[in-house]
Amino acid sequence: MSIETENTELECDINQGCDAIELIIQPRETDLGEFKVKRTLPTRQRKMVGPWIFFDHIGPADFAPGSGINVRPHPHVNLATVTYLLEGEILHRDSLGSYQTITPGDINLMVAGRGITHSERERPEVRSSEHRLHGFQLWLALPVEDEEIAPAFYHYPERDIPRKTVDGVLLRVLMGEAYGVKSPVKTYANTLYIEAHLQPGQSLTLPDCEERAVYVAKGQLQVKDTQVPEFSMVVFSAAKGVTITANQDSRIAIIGGENVGPRFINWNFISSRKERIEQARQDWAAGRFAKVVGDEEEFIPLPE
């Protein structure tokens, strides 16, 4: 996805919780034209959780024939995007020549490194009929030593992502290692990304991690005496043995990993160096980024 404005840090509602809870973040709904996203990271109060610096909950959005997702070519540097869908599909193109349909359960990892341009649209046969889109897109800050690596694109089909049942809870380890299973998805720092589906009354003990958070995409969680409502992110301390319980049928995303250090963020650019972001802005304004192969005519202008 692309950020619409130069200012990326939202003012979100923040609540304090029990002793294991650092923050509960209520996302702000952001209008992207024909659909909306719930954006939880970054906020002024909390920019990152581990290496994760951007968290969008896409939809669920229902589209009439002729409408749908249509994100024009835009640039990134020094980060990696991770796209995971629950419903619908997205057509990914980039300046490396990648052409990939993302379907539910797949993981799309696009590594911007020293610079990449991509677009997110839909195939004509999808756009011509009624359809729905629901999923997540997250951005990872690359470690300082990897910020300027060559751009790359990796696609992992649904069948390659491991599943496991833990205490009756069905989950998938999308990135990293937890509950005795390891995802094949490439990582650059210690990274955790899990999807889980809890029935009412089921509990799950979270993996130990330097930094971690849980986003409630559906339902409601209980952490000791604290309720975590739908469409909110609860950020936990590094306390061991933290257990969450579902009050309702709940679908969650667990994210976390190691602290890779502070990052600057401006529009679609993330870096450990302010001067690198300024250079990227100048390069995009001057047309020095490579164009998306097969999608060369349009682009998103640099915000004023």
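Biologist: How much space lies in the second largest pocket?

Modeller: About 200 Å³ of space lies in the second largest pocket, where a volume is the space filled by probe spheres set on grid points that are joined across faces, edges and corners. This is a predicted model: local features need pLDDT of at least 70, side-chain atom pairs count only at pLDDT 80 or more, and totals for chains, interfaces and linings use all residues. Residues are numbered from 1 along each chain as its sequence is written, and side-chain values use heavy atoms, with hydrogens and water left out.

Biologist: What makes a residue part of the lining of a pocket?

Modeller: On a 1 Å grid over the protein atoms alone, a pocket is an open set of points with protein on both sides within 12 Å along at least five of seven lines, and lining residues have an atom within 4 Å of a point. The second largest pocket has 15 such residues, and W284, G287, F289, K291 and F299 lie nearest its centre.

Biologist: Why is the pair of Y84 and Y193 called edge-to-face?

Modeller: Rings of Phe, Tyr and Trp (its six-membered ring) pair if their centres lie within 6.5 Å; planes under 30 degrees apart count as stacked, over 60 as edge-to-face and the rest as tilted. The structure holds twelve aromatic pairs. W52 and Y193 form one that is edge-to-face, at 5.4 Å centre to centre and 70 degrees between the planes. For Y84 and Y193 the centres are 6.4 Å apart and the planes stand at 75 degrees, so this pair is edge-to-face. Y84 belongs to strand β7 (residues 79-87) and Y193 to strand β18, so the pair ties together parts 109 residues apart in sequence.

Biologist: How do you know that Y193 is buried?

Modeller: Buried means under 20% relative accessible area, exposed over 50%, and partly exposed in between (1.4 Å probe, protein chains only). Y193 has 1% relative accessibility and therefore counts as buried. Y84, with a relative accessible area of 2%, is buried.

Biologist: Why is strand β6 described as largely enclosed by the rest of the structure?

Modeller: Five of the six residues of β6 (residues 71-76) are buried, so this strand is largely enclosed. Strands (E, at least two residues) are DSSP runs, numbered from the N terminus.

Biologist: What makes β6 and β11 a pair?

Modeller: Two strands pair if DSSP finds at least two bridges between them. Four bridges join β6 to β11 (residues 116-121), and the two run antiparallel. The bridge partner of V71 is E120 in β11.

Notes
On a 1 Å grid over the protein atoms alone, a cavity is a set of points where a 1.4 Å probe fits but cannot get out, and a pocket is an open set with protein on both sides within 12 Å along at least five of seven lines; lining residues have an atom within 4 Å of a point.
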